[in-house]
Amino acid sequence: MQSNVTVEEWVARFRAIGLDQAAMQQWHHLFETENPAGHQSFLEWLGLSSERIAEIRAQSA
């Protein structure tokens, strides 16, 4: 049984509720500014590489 949700599943859910790329970027920005440690933890939970996490967080700052 898989314990983590994949990035692709998250993106599909966001798109299903009408979020476009700009809205998803805004979501990451809000997460990063309000709870940077939580954002880091979430990205790790998704199984992203440390390089990809750093890239997302830098774009979200």
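## Ground rules

Because this is a predicted model, local features need a pLDDT of at least 70 and side-chain atom pairs count only at pLDDT 80 or more, while totals for chains, interfaces and linings use all residues. Residues are numbered from 1 along each chain as its sequence is written, and side-chain values use heavy atoms, with hydrogens and water left out.

## Aromatic rings

Let's start with the rings. The structure holds 7 aromatic pairs. To count as a pair, rings of Phe, Tyr and Trp (its six-membered ring) need centres within 6.5 Å; planes under 30 degrees apart are called stacked, over 60 edge-to-face, and the rest tilted. One of the pairs is tryptophan 10 with phenylalanine 42: the arrangement is edge-to-face, with 5.2 Å centre to centre and 80 degrees between the planes.

Where do tryptophan 10 and phenylalanine 42 sit? Tryptophan 10 is in helix 1 (residues 7–16) and phenylalanine 42 is in helix 3 (residues 36–45), so the pair ties together parts that are 32 residues apart in sequence. Helices here are DSSP runs (H or I, at least four residues), numbered from the N terminus. Tryptophan 10 is partly exposed, at 26% relative accessible area, whereas phenylalanine 42 is buried, at 14%. The cut-offs, found with a 1.4 Å probe and protein chains only, are under 20% for buried, over 50% for exposed, and in between for partly exposed. Ring pairs also link Trp10, Phe14, Trp27, Phe31, Phe42 and Trp45 into a cluster.

## Helix 2 meets helix 3

Now for some helix packing. The axes of helix 2 and helix 3 come within 5 Å and cross at roughly 125 degrees. An axis is a line fitted to C-alpha atoms, for helices over the stretch in contact, and angles run from 0 to 180 degrees between N-to-C directions. Helix 2 and helix 3 are therefore oblique to each other. As for the naming, angles under 35 degrees are roughly parallel, over 145 roughly antiparallel, 65 to 115 roughly perpendicular, and the rest oblique.

Which residues make the contact? Helix 2 brings Trp27, His28, Phe31, Glu32, Thr33 and Glu34, and helix 3 brings Pro36, Gly38, His39, Phe42 and Leu43. Contact means heavy atoms within 4.5 Å. These residues of the contact of helix 2 with helix 3 divide into 5 nonpolar, 4 polar and 2 charged.

Is histidine 39 buried or exposed? Histidine 39, in helix 3, is buried, with a relative accessible area of 0%. A polar contact of 2.5 Å joins its side chain to that of glutamate 32. A polar contact is a pair of N or O atoms within 3.5 Å; within protein, one must be able to donate a hydrogen and the other to accept it, and residues adjacent in sequence count only if both atoms are side-chain atoms. Leaving out residues up to four places away in sequence, histidine 39 touches His28, Phe31, Glu32, Ile56, Arg57 and Ser60.

Serine 60 belongs to helix 4 (residues 50–60) and is buried as well, with a relative accessible area of 1%. The side chain of serine 60 reaches the backbone oxygen of isoleucine 56 at 2.7 Å. With residues up to four places away in sequence left out, serine 60 touches Gln25, His28, His29, Glu32 and His39.

Next stop: the loop between helix 1 and helix 2 (21–34), where aspartate 20 lies. Aspartate 20 is partly exposed, at 43% relative accessible area, and a polar atom of its side chain lies 3.2 Å from the backbone nitrogen of alanine 22. Glycine 18 lies in the loop between helix 1 and helix 2 too, and counts as exposed at 61% relative accessibility.

Threonine 6 lies in the segment before helix 1 and counts as partly exposed at 25% relative accessibility.

Definitions and conventions: Helix = DSSP H or I, 4+ residues; strand = E, 2+ residues; numbered from the N terminus. Nonpolar A, V, L, I, M, F, W, Y, C, P; charged D, E, K, R; others polar.
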